[in-house]
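Please keep the sequence and the three-dimensional view at hand while reading.

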Amino acid sequence: MSVPLWPELQEAAHRVDELVVALPEPGARLPEERAEIAAAKDAARALRMRYLQTHADAVYAHLTSDGLEELRPAELVKAAAAEFPALVPTAGQLAADRSRRQADKEGYEIDQGIFLRAVLGSPQAGPHLLDAMLRPTPRALRLLPEFTRTGVVETTSVRVERRDDAAYLTMCRDDCLNAEDDQQVDDMETAVDLALLDPEVRVGVLRGGTMTHPRYRGRRVFSAGINLKSLHSGGISLVGFLLRRELGYIHKLLRGVRTEDAPWHSRTVEKPWVAAVETFAIGGGTQLLLVFDHVLAASDAYLSLPAAREGIVPGAGNFRLGRHTGPRVSRQIILQGRRIRATEPDARLLIDEVVEPEEIDAAVAGAVERLRSPAVVPNRRMLNGAEEPVEEFRRYMAEFALQQALRLYGEDVIGKVGRFAGQGA
C-alpha cells in the first residue's frame with residue numbers, strides 16, 4: 001500500500017470491530033454498552049478526520065490510479081474499503097447494516113461521510129469526483145438506442161417520452177406520491193441522461209403523474225420528497241441515495257452531461273428544463289425546482305422543505321434556496337417548516353408562472369416554445385456559472401456528506417421517521 005495507515009488508527013478501528021462482535025445487536029444494547037461503543041467509534045472517527053486532513057489526496061490518487069480512473073462515490077468507497085479497511089467500512093459491515101432498520105444500525109455510513117467530506121473538500125480530488133458524476137450512467141447508455149429509435153422509455157419510477165423536440169419526464173410512483181427512494185433516484189438519473197444525450201431533444205420537462213393514492217386519486221402530484229417509510233426501514237443510504245441524488249441527476253440538470261459528443265467549445269451537453277408543479281412539491285420536490293430554468297405551478301399547489309420536522313438536511317436546499325428567496329424567507333421555510341402557497345406573493349421568488357390547474361398543459365407548451373431558442377443554452381450556462389460556481393457547490397457538498405451522515409443516525413431523526421413510517425411523505 002503506497003499510503004500507509006497510522007497504526008493508532010488501525011488499532012482504534014480494530015477496537016470498534018471487537019466491540020461490535022462482543023456486544024449485543026445495536027437495538028438490544030444497554031445504556032452503558034451504547035456509551036462504550038460510542039466512545040470507541042468517536043475515537044476512531046477523530047483519527048480518521050486527522051488522517052484524511054493530510055492524506056486525502058494521496059488516498060484518492062491511489063484509488064483512481066492518479067486520476068486515470070473516474071469512480072463514482074459508490075465505486076470509490078468500495079475501492080477504499082478494499083484498500084484501506086480501517087478508513088471506511090467494509091462491504092460486509094455495510095451489508096450487515098443494510099439488513100437492519102435505521103434505529104438498529106451501527107452507523108457505518110458516518111465513516112463514509114468522513115471520507116467523502118475529505119475527498120470533496122480537496123481542491124484536487126473534489127473536482128475530479130464531481131466530473132466523474134457528470135458521466136452518463138451505463139444503464140442510460142444501454143437504453144439510449146431504444147430511446148432514440150422509439151422516443152419512449154419506461155422505468156419503474158419515471159416515464160420518458162420525446163414529443164417533437166422536447167423530452168417529457170413523468171414521475172409515476174403513484175404508490176407513494178413520488179416520494180423518492182433508491183429506485184427513483186436511479187430512474188431519474190437514467191431519464192435525465194437520456195434527455196440530455198438524445199440529439200433530437202432541445203428542452204426537458206419534468207412533471208408528476210396521476211396518482212392512485214386514495215387521498216389524491218386522479219390528481220397529478222409532483223413530489224412528496226424523501227420516502228420516510230424507506231428511511232425508517234433502513235433503505236435510504238448516504239452514498240446510493242442522498243449523495244447520488246445531489247451529485248448525479250440534479251447536478252446534471254444544472255450542468256449537463258459529460259460525453260464525447262459534446263461540442264468542442266463545451267465540456268458538457270446542456271439543455272434547458274421546465275418543471276410543472278401540481279398539488280405539491282414537498283422536500284426534495286422543492287429542492288429540484290431550484291435548478292430549473294422555468295417553474296410553473298397550478299394555483300392550488302404548494303411548496304415546502306420540512307427539514308426541521310424530518311430532522312435531516314434538505315440536500316442542497318440550504319445552499320440554493322436563499323439565493324432565490326433571501327435569507328429570512330429561506331430560514332422560515334427550512335428551519336420553521338413554512339409552506340409556500342403558489343398564489344402568495346413570496347411564491348413568485350420560486351415560481352415563474354402560476355396558472356389554473358386546467359391550464360397547465362398549455363403553460364408547459366408555452367414554456368417549451370420560449371426555451372427552444374439556440375441562445376438559451378449559452379445564456380443559462382453563463383447564468384448558472386455566475387449564480388452557482390462549481391467550486392462553491394463542491395465545498396458545500398463536502399460538508400453535506402458528513403452532516404447528512406450524522407443526521408441519519410440522530411436519535412431525533414430515528415424517532416421522527418418511526419412516526420412517519422406509515423406515510424409516503
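Between which two helices does the loop that holds Asp66 lie? The model shown here is a predicted one, and in it Asp66 belongs to the loop between helix 2 and helix 3. Ser65 is found in this loop as well, with helix 2 spanning residues 31-63 and helix 3 spanning residues 73-83.

The backbone at these two positions deserves attention. Most residues other than glycine have a negative phi. Ser65, however, has a positive phi, near 55°, and Asp66 also has a positive value, near 60°. With regard to cover, Ser65 is partly exposed because its relative accessible area is 32%. Asp66 has a relative accessible area of 67%, and therefore counts as exposed, the cut-off being over 50%.

For 425 residues, a compact globule would have a radius of gyration near 22 Å; the chain has 22 Å, so the two agree. Taken along the principal axes, the box filled by the C-alpha atoms is roughly 65 × 50 × 40 Å. Of the 425 residues, 57% are buried. Among contacts with a separation of 6 or more, 74% join residues 24 or more positions apart.

The surface and the charges may be described next. The accessible surface amounts to about 17700 Å², and carbon and sulfur atoms account for 52% of it. There are 54 positive and 61 negative side chains, and the centres of these two sets are 3 Å apart.

What lies in the interior? In soluble globular proteins, nonpolar side chains tend to be buried together. In this chain, the largest nonpolar core has 65 residues, and Leu76, Leu87, Phe115 and Leu116 are those with the most contacts inside it. Helix 2 gives the most to this core, namely 10 residues. Apart from it lies another core, of 51 residues, including Val160, Val201, Val257 and Ile333.

Neighbours within four places in sequence aside, Leu116 is in contact with Pro73, Leu76, Val77, Leu129, Val239, Leu243 and Ala401.

Helix 6, residues 125-133, is mostly covered, since seven of its nine residues are buried.

Gly415 lies in helix 18, which covers residues 411-420, and is partly exposed because its relative accessible area is 31%. The C-alpha atoms of Gly415 and Gln102 are separated by 10.0 Å, although the two residues are 313 residues apart along the chain.

Tyr216 is located in the loop between strand 4 (203-208) and helix 9 (228-232). This residue counts as buried because its relative accessibility is 12%, where the cut-off is under 20%. Residues up to four places away in sequence not counted, Tyr216 touches Leu177, Met211, Val221, Thr279 and Phe280.

Key: Residues are numbered from 1 along each chain as its sequence is written. This is a predicted model: local features need pLDDT of at least 70, side-chain atom pairs count only at pLDDT 80 or more; totals for chains, interfaces and linings use all residues. Side-chain values use heavy atoms; hydrogens and water are left out. The radius of gyration is taken over C-alpha atoms; the globule rule is 2.2 Å times the number of residues to the power 0.38. Buried means under 20% relative accessible area, exposed over 50%, partly exposed in between (1.4 Å probe, protein chains only). Contact means heavy atoms within 4.5 Å. Accessible areas come from the Shrake-Rupley method with a 1.4 Å probe; for residues, only the protein chains shown count as cover. Lys and Arg count as positive and Asp and Glu as negative; His and the chain ends are not counted. The place of a charge is taken as NZ of Lys, CZ of Arg, CG of Asp or CD of Glu. Helices (H or I, at least four residues) and strands (E, at least two) are DSSP runs, numbered from the N terminus. A nonpolar core is a set of buried Ala, Val, Leu, Ile, Met, Phe, Trp, Tyr and Cys residues joined through side-chain atoms within 4.5 Å.
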